Structure formats: structure tokens, C-alpha cells
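Student: Could you take me through one part of this model slowly? I would like to see where a single residue sits and what surrounds that stretch of chain.

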Amino acid sequence: MYDIGEKPGKGTYQDAYGHRVTLDQDSDALPPCPSCGPGQNTKWSRIW
Ligand SMILES: [Zn+2]
């Protein structure tokens, strides 16, 4: 799993609640979950 701010590369990532974000560039950093909010210690898992 990846933390907010990591740059694991292009792909789609999902948190423990099924919320997803997509990184379009290898230089993009994982954001806070837009649904859970920036105060959460979101862990992202690559799904695509
Ligand atoms: Zn979330």
C-alpha cells in the first residue's frame, strides 16, 4: 500500500472504503482521498 504523497506511478488506486483516484502521470503524487478528506491517514492500493 502507498501513503498520501508517494509517487508510485500512473494507475488507479483505491482506499479501504472503495474510493478511487487515478494518477495520469508518473510524476503525480497520491492525494488525500477526496471522499474521506485530507485529515485521514489514507492508504492507497493499486488496482489497475
Ligand atoms: Zn476514501
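Tutor: Strands here are DSSP runs of E, at least two residues long, numbered from the N terminus. This is a predicted model, where local features need pLDDT of at least 70, side-chain atom pairs count only at pLDDT 80 or more, and totals for chains, interfaces and linings use all residues. Residues are numbered from 1 along each chain as its sequence is written.

Pro-38 counts as exposed because 10 other C-beta atoms lie within 10 Å; the cut-off for exposed is 12 or fewer such atoms within 10 Å of the residue's own C-beta, placed from the backbone. From Pro-38 to Arg-20 is 18 residues in sequence and 14 Å in space, C-alpha to C-alpha.

Now for the sheet. Its four strands make an open, antiparallel arrangement in the order E1-E4-E2-E3, where two strands pair if DSSP finds at least two bridges between them. Strand E1 (2-3) and E3 are the edge strands, each pairing on one side only. The partner of E3 in that order is E2 (residues 11-14), and the two are joined in the antiparallel sense over four bridges. Along this pairing, Tyr-13 is opposite Val-21, and Thr-12 is opposite Thr-22. E2 and E3 form a hairpin with five residues between them, and Gly-18 in the turn has a positive phi of about 85 degrees.

Terms used:
Buried ≥ 20, exposed ≤ 12 C-beta atoms within 10 Å, placed from the backbone.
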